[in-house]
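Here are my comments on the model you sent. They are set out as numbered points, to be read with the structure open.

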Amino acid sequence: MFERRLKVVLTIPILGGLILIARLYRLQIVDGAQYDKRAEQSLIAPKRFLPPLRGSVLDRHGRVLVSDEPTFDLSAHYGALSEDENFLRDYAREIRRQSRHYQRMSRSDAEGEALRRVQTLYDRLAELTEASADEYFARRDSIVESVEFLRDYIWQARAGEGIEQRKEDMRLREEDRFHTLIRDLDRTFQSRIEIELGDLSFFRIMPAVRRVWQTEDRSLAHLLGRIGQVSKERLEEDPRKTDWLARYRAGDLVGVSGVEYLAEDVLRGTRGYEEKNLDGDVIESVASIDGAPVRLTIDADLQQRVAEILQAAISVESGRTGGSCVILDVSTREVLAMVSVPGFDQDTFRKHYDHLRDEARTRPLLFRAIAEEYQPGSIVKPVALLAGLKHGVVTANTTYDCDGSYIDHSKHWHCWTHWKHRPGHGPMAATGAIQHSCNLYFYDLGKHVNARRLSAFYDDFIRGPGHDTSTVVRSTGLLEERDGIIPTFEWIEKYRDRAYTWADGCNYAIGQGEMQITPLQAANMYATLANGFYRDPTIVMGDQRERRPKPIAGISPAQWQLARRGLYLCVNEPGGTAYEKATLDNLVICGKTGSAQCVARPVKTKYVFNVEQEVSDESALASDLKRTETVRLETVAPTLERARELLDLPHDAKPDEWRVVERWPKIPEGRTTPLPHAWFAGYAPYKKPRVAVALIIEHGGSGGQVAAPVGRQVFSAIMESAHDYLGVGSGSQQVAKGNDAADD
Amino acid sequence: MINWRGVPLLGWPVLLAALSLTALGVIGVYSAEADIEGPPVTTLRQLMFLSIGISGFMLVQLVGYRELGRWSYPLFVVTLGALALLLIARYVPMAPFIIERRNSYRWITIGPMNFQVSEYAKISFILALAYYLRYRTNYRSIVGLLMPFVLTLVPMAMILKEPDLGTSLLLLPTLFVMLYVAGARNRHLSIILLLGAIAVPSFYFSPLMNRYQRERIQALFHQDETDHRWRMDAGYQLAQSKIAIGSGGVAGQGFAEGAFFRHDLLPEEHNDFIFAVVAHQWGFLGAMFVVLLYLIIIFFGLTIASATNDPLGRLLAVGICAVICAQTLINLGMTVGLMPITGMSLPFVSAGGSGLISNYLMLGLLVSVARRRTLEMAPKPFEFDEA
């Protein structure tokens, strides 16, 4: 019986052996080649992308304003940062394997050595770099915290799906990755760290790139713009979505504002990749293609000079909250300078962001040149004159007798002389009305042209004939650009539930009422006045967009000449509002001043939020009942964002009430409104216009007193520039003046 | 010292097969280490364990299995005591003697030596069971089967609790085979088998089995290399093991092709998955050779059982063959993807001290049985009527 049963038992290993051999036959002989291929594949490390350098941004003469510079990041393995048990065990094994010195060490001693190395990393880094160990600890803690947060989140999500799993058993991809400890490592530290800590395998110095602003000029900050992490929408709208190397990937940095956004398609490059086997030999590699540079039409030197002039001008009084100046080439409409003051420092932007945002008086983040809209005031008068001439309301010789008041004893309807307690201008014809900036002439002109025809003319003149009315007209393409308010019939119908009155025509003719334009529009308006064609301005050299000059219809050369003559007189003849203020000896400037009425902006507001909050009842009976209660939260803050932060509310919380607590600037004694914005706009030279300028000093007061002298400084700066933007040649300035004068 | 002339021929093939297996294992370990600067630490350690194992083998020859059999109950009690200590260590810290490793308590450390108690428990279990069953006939009644089951289930439960699922799984088949050859009634054994057939699926669904164990079983039935999630998660070890084995082809990648292992692409390559290394290096021919070597050990082991008429010797030989056979089948089965992955080393081949030493101790007992001259006059034990 025993023998027989032994034989039965013996069948088990024989049977098992046969099954195993069958299985091995299948794996090694039938599928052997396939597994062989897989084994080879698994010896290849995952592809590593090689990031391209983003294109540089240059000024019109090739000076580098922003560029990508290669740099290095120091990153450490998550296991080392979190001092994970498994990681330490593996690392201990590696230590023993690597060096003769450690291989006699016991396993627990090697693990102790591993832990010691991981823990002393921060102190050693602190010794080698400028940062303190505490900063490294803080950085480590924030990395570990964010990964743990992710783990919590995923665990909860899985628990929600009914997947039971211990939280500790969950392995996240982040746990096998290197996380950045120091960005943009200084080159001297880099070599030091490599020498001192090169034997530690759990951290790496990895190549990276950094966007470097090569200019100190803070007024360029708005224009150059910023880069930031690519958003979900941008990923979806990516025009190169189908190219697996070129397409955006989560975490990519893309232009989010200014030129960085505008020229994104040129600046972005195409990544390359590298494939290595596990022994480190390169198997395949494709080089990255760096982004192309973008050359702006801006002259960085001129821009900086103008920024200094404006900065000085607004520093005169604390009420002058800011200013802007745009310089255009008249024929090409290239923007030579586009200044907004105050600017900000790109390098410390992130650090100071809250402060910059909450600085409600001067609003340094505001790109005033294109993103702020102001009443044009008197600078629009030459355009109004052209409208009057076009519609036959006035001719060159039509006069209006200015006695100082359009409607006697009224509150508003007076010429500006009235407020200075001077008599009226007397009989005014077209050129004189511009020269003296006579309100009554234009009141009458506006009344007869009428608001509808006047604003339609403005619309063509300022935004371009036949522009697309369905969207914002972004003549430069910059994301921040706004196209002002021109109270056309459609606009009034849409936004103001009323009909035009005769008074609208009067107001629009002197650039008041609803009408608002940006400094860029003002400069372009004067460029159009100078050569008679509307053209979209551009800030990029060799702009490929369709930008044909469009004639302003229905105006004869003689009529153009009337307006230009008025602008000439305004600067160059006694009685002109800019005479002596904006007059240069060696350049004939045509221009116009303006003083735009305005209100003070709120700088402190009391915000009230009614918030539903969950309140758990204390009483034992209703302990599981949760009540929601409306709580009234209020705070005083310069911005709504700040108020939300102060009250710890979500970023989309809407206030239920708000009341302005403080406005800026202060209203001077004897006035009911703060000082008006001071405008000056013009072009030069008179006969062969080359450059148009518009500038505004917020709450500067009188355009003639404040803005015109700044305008003169700006034209001087253009003349002093190393480049001959005025077409007069450095030695022929006198000749230019002489030529122009002789013509009159 | 040892009367070599006394060793009957049957012991030699068993010993030679075991040594060949160990040699293959040492070569596998060395190949992954050969490129690394400095002496091959793991290989040298393995050779050291082998020499300890051979010494143990000799010692068992010197003492003889009959003398050891007399000590089987005390040894069993000592084993249970050691297992109990491991259980207590979970609640009462016993560092530095017992420390937690990978969430389990399996080792007792005394000085430089680490003892994996469950490996030695296998021997003492076989000894005790064989000693208990040697002259009895009452296990031919169903009540008489109670005691052998107690002897099995107590250490089994304790090992399961360490936790060491793999080793604890070995005890039941060993008991079953020993009872079978000792003459337990087919009827009783069938009932037990049936109960087992019911118990296994219900165990699968009971809370006793934890999630990762269940996942491993699911991973076995879901062998789909194109399923990335399976590939990177539950199925990772198995998938890598299959790649290592499959890429061995007919003749193997050879000794020098260690890149696959040098980069740690196969977890536990020196321990539980050493067969994948051997099959990768020596191919289908080498793998068949390994299977053949185990068949030699088991065949000659059972022949030894058949050749002796000492009841203790017979049961010992069968028990040792059963444990080696079960361990080998489970390990090879999981390595090639026929069984769920449980922590189980491959006898004589896997790196690791306690396993190798205990394997050679068992081999020593087997050879010791073979060396004992049979008394031709004695009646053959365990010959019952089938009825």
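**Notes on chains A and B**

1. Chain B is built from 15 helices and two strands. The model is a predicted one, and the points below should be read as comments on a prediction.

2. On burial, 48% of the 387 residues in chain B are buried. As for how the chain folds back on itself, take the contacts in chain B between residues at least 6 apart in sequence: 72% of these join residues at least 24 apart.

3. One helix pair in chain B deserves a look. The axes of α5(B), residues 117–133, and α15(B), residues 353–371, come within 8 Å of each other and cross at roughly 15 degrees. An angle under 35 degrees counts as roughly parallel, so α5(B) and α15(B) are roughly parallel to each other. The crossing of α5(B) past α15(B) is right-handed.

4. Which residues make the contact between these two helices? From α5(B) come E119(B), Y120(B), K122(B) and I123(B), and they meet S354(B), G355(B), S358(B), L361(B) and M362(B) of α15(B). Sorted by class, this contact has four nonpolar, three polar and two charged residues.

5. Turning to the interface, 36 residues of chain A are in contact with 44 residues of chain B. On the chain A side, the elements that give two or more residues are α1 (2–30), α2 (32–42) and α4 (85–98). Of the elements on that side, α1(A) gives the most, with 19 residues.

6. What is the make-up of the chain A side by residue class? The residues of chain A that touch chain B divide into 18 nonpolar, seven polar and eleven charged.

7. Chain A also has an open sheet of three strands, in the order β1-β8-β9, with antiparallel pairing. Strands β1 (48–50) and β9 (282–286) of chain A are at the edges; each has a single partner strand, so one side of each is left without a neighbour in the sheet. From one strand to the next, the twist averages 20 degrees.

8. Within this sheet, the pairing of β8(A) with β9(A) can be checked residue by residue. Strand β8(A), residues 272–276, is joined to β9(A) by four bridges, and the two run antiparallel. In this pairing, Y273(A) stands opposite V286(A) of β9(A). As background, strands of a sheet pair through backbone hydrogen bonds, either parallel or antiparallel.

Terms used. Residues are numbered from 1 along each chain as its sequence is written. Chains are lettered from A and ligands numbered from 1 in the order in which they are written. This is a predicted model: local features need pLDDT of at least 70, side-chain atom pairs count only at pLDDT 80 or more; totals for chains, interfaces and linings use all residues. Two residues are in contact if their C-beta atoms, placed from the backbone, lie within 7 Å. Ala, Val, Leu, Ile, Met, Phe, Trp, Tyr, Cys and Pro count as nonpolar, Asp, Glu, Lys and Arg as charged, and the others, Gly among them, as polar. Axes are lines fitted to C-alpha atoms, for helices over the stretch in contact, and angles run from 0 to 180 degrees between N-to-C directions. Angles under 35 degrees count as roughly parallel, over 145 as roughly antiparallel, 65 to 115 as roughly perpendicular and the rest as oblique. A crossing is left-handed if the near helix is turned anticlockwise from the far one by less than a right angle, and right-handed if clockwise. A residue is buried if 20 or more other C-beta atoms lie within 10 Å of its own, exposed if 12 or fewer, and partly exposed in between; C-beta atoms are placed from the backbone. Two strands pair if DSSP finds at least two bridges between them.
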